[in-house]
Amino acid sequence: MTLALFGLFSFSLAVTAQDVSYNYDQSTDFAKFKTYKWVPIKDAMQVDQLIDQQIKAAIDAELTKKGLSKTDGDKADLYIGYQTAVGQEKQINAYNTGGGGWGYGARWGGGMTTATTSTINIGTLVLDMYDPAAKLLVWRGKASKTLDMGAKPDKRQKNLAKAVAKLLKNYPPAAKK
């Protein structure tokens with residue numbers, strides 16, 4: 001499973017679009033958050049040290065762009081944690097070979113349809129942000145994408161950075177007027 005997670009966001013460009021969603025506590029004033037601290041999420045699947053560093057580096061870079069500063073102290077405004085998962089889906093590819101006929105309706109002339117199936121790995125990254133003072137989850141984002149298990153490490157890191165940028169595109173949420 002670690003091999004599958006290593007390619008977590010090494011996406012195949014041709015298969016499917018990246019799926020990103022987020023939700024947040026609309027009563028939270030996100031302008032008050034200036035610092036954050038990484039925390040582990042209880043019972044989350046653990047990834048190896050390299051993947052952990054890569055995920056955190058990509059998220060740290062985006063949060064820095066958003067004006068947040070990472071701290072290791074207990075006085076952080078936000079606690080941040082992530083979870084990963086790899087699932088599998090079946091893909092069916094159907095091909096029609098030949099056949100004749102004109103117009104609409106039934107075809108004639110001996111055409112044949114061939115179908116093949118393949119297994120696709122889908123990687124998911126879930127990012128959670130907690131307000132430690134209120135002891136509440138205040139923001140959650142999720143990004144999922146088909147994995148390219150053969151991608152080189154530099155391509156994987158580039159794709160991970162793109163996924164995290166898209167995931168955090170709407171963070172912080174706009175203040176209510």
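For the classes of lining residue used below, Ala, Val, Leu, Ile, Met, Phe, Trp, Tyr, Cys and Pro count as nonpolar, Asp, Glu, Lys and Arg as charged, and the others, Gly among them, as polar.

**Figure 1. Second largest pocket of the predicted model.** The structure shown is a predicted model. Its second largest pocket holds about 160 Å³ of space. One stretch of the lining comprises Tyr24, Gln26, Ser27, Thr28, Asp29, Phe30 and Ala31, and Pro172, Pro173, Ala174, Ala175 and Lys176 complete the set. By class, this lining has seven nonpolar, three polar and two charged residues. Among the lining residues are Asp29 and Lys176, both of which belong to charged residue types.

**Figure 2. Largest pocket.** The space in the largest pocket amounts to about 190 Å³. Its lining includes Trp38, Val39, Pro40 and Ile41, together with Ala44, Met45, Gln46 and Val47. Asp52, Lys56, Gly81 and Tyr82 also line this pocket. Two elements, helix H2 (49-65) and strand E4 (78-97), each give two or more residues to the lining. The lining residues divide into eight nonpolar, two polar and two charged.

**Figure 3. Largest nonpolar core.** This core contains 25 residues, of which Leu78, Leu127, Met129 and Tyr171 touch the most other members. Two or more residues come from each of strand E2 (35-38), H2, E4, strand E5 (112-131), strand E6 (136-146) and helix H3 (153-167). The element that gives the most is H2, with five residues.

**Figure 4. Surroundings of Met129.** Met129 is one of the core residues that touch the most other members.

**Figure 5. The protein chain as context for the close-up views.** The secondary structure comprises three helices and six strands, and the elements run α-β-β-α-β-β-β-β-α from the N terminus on. Of the 177 residues in the protein chain, 36% are buried. Among contacts between residues at least 6 apart in sequence, 80% join residues at least 24 apart. The accessible surface of the protein chain comes to about 11000 Å², and carbon and sulfur atoms account for 53% of this area.

Notes
Residues numbered from 1 in each chain as written. Predicted model: local features only at pLDDT ≥ 70, side-chain atom pairs only at ≥ 80, totals over all residues. Heavy atoms only, no water. 1 Å grid on protein atoms, 1.4 Å probe; cavity = no way out; pocket = protein on both sides within 12 Å on 5 of 7 lines; lining within 4 Å. Points joined across faces, edges and corners; volume = space filled by probe spheres on them. Helix = DSSP H or I, 4+ residues; strand = E, 2+ residues; numbered from the N terminus. Core = buried A, V, L, I, M, F, W, Y, C linked by side-chain atoms within 4.5 Å. Buried < 20%, exposed > 50% of the residue type's maximum accessible area, 1.4 Å probe, protein only. Contact = heavy atoms within 4.5 Å. Areas by Shrake-Rupley, 256 points an atom, 1.4 Å probe, with all protein chains shown as cover.
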